[in-house]
Amino acid sequence: LGVGGAGNDAGKGWKPIGAYRDVADGTAFLNSFQGTYDGGGHVISGLWMNRSDETAYNAGLFGYVYSTALIENLGVKGTDTSFRSFCGGFVGSNDGTIRNCYYQGSKLSSYSGENVFRYLGGFVGQNQGTISYCYSSVDEIQGDRAYGSFAGNNMGEISHCVGFSSTED
């Protein structure tokens, strides 16, 4: 995904599934992922992003997962990925339920040069939902604020999960 053709998005790579709009008119969650996705044990390979546009926030395979959503039984393998904030290899921001999933990648990085929250995690950037029986394994994680091998920020429930990283800078 993200290499030539569909998913390349003019050299920016994957465009995340589900978006959050920072507006006060009641439509902020209109484009978020709100459904159910059962990956059936399948693995998505080759995911990459190099984003500094509006989709550089809340980015991952899934960008923004709403509280009604359920994602399960899916693996993601990625390569060098760079974005801004509220980002993870699997999901940027989670308010829903994710279980039995993983992310494996070579490098995740987040630098914005701005004084903003930069939550970066090997699996999830920010979690306010429920994540269980998941893992992340990332060779290198680079960030300048609030990052971790599994989650950048957690205000929800994470159980039976683990994150691995060779280097965290």
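Buried is used here for residues under 20% relative accessible area, exposed for those over 50%, and partly exposed for those in between, calculated with a 1.4 Å probe on protein chains only. The model is predicted, so local features need pLDDT of at least 70 and side-chain atom pairs count only at pLDDT 80 or more, while totals for chains, interfaces and linings use all residues. Residues are numbered from 1 along each chain as its sequence is written, and side-chain values use heavy atoms, with hydrogens and water left out.

**View 1. Two residues other than glycine with positive phi, N100 and N73**. N100, which is partly exposed with a relative accessible area of 45%, has a phi near 55° and is placed in strand β8 (residues 97-110); strands are DSSP runs of E with at least two residues, and helices are runs of H or I with at least four, numbered from the N terminus. N73, in strand β4 (residues 70-78), has a positive phi of about 60°. Most residues other than glycine have a negative phi.

View 2. Leaving aside residues up to four places away in sequence, V65 touches F33, I71, V91, S93, N94, D95 and G96, where contact means heavy atoms within 4.5 Å. The C-alpha atom of V65 is separated by 8.8 Å from that of Y20, which is 45 residues apart along the chain.

**View 3. The largest nonpolar core**. A nonpolar core is a set of buried Ala, Val, Leu, Ile, Met, Phe, Trp, Tyr and Cys residues joined through side-chain atoms within 4.5 Å. Of the 28 residues in this core, F62, I71, F90, I98, C101, Y103 and F123 touch the most other members. The elements that give two or more residues to the core are β3, β4, β8 and β12 (135-143), and β8 gives the most, with four residues.

**View 4. Aromatic pairs**. Rings of Phe, Tyr and Trp (its six-membered ring) pair if their centres lie within 6.5 Å, with planes under 30 degrees apart counted as stacked, over 60 as edge-to-face and the rest as tilted. The whole structure holds 11 such pairs. The rings of F62 and F90 have centres 5.9 Å apart and planes at 35°, so this pair is tilted. The rings of Y102 and Y135 have centres 5.0 Å apart and planes at 10°, so that pair is stacked.
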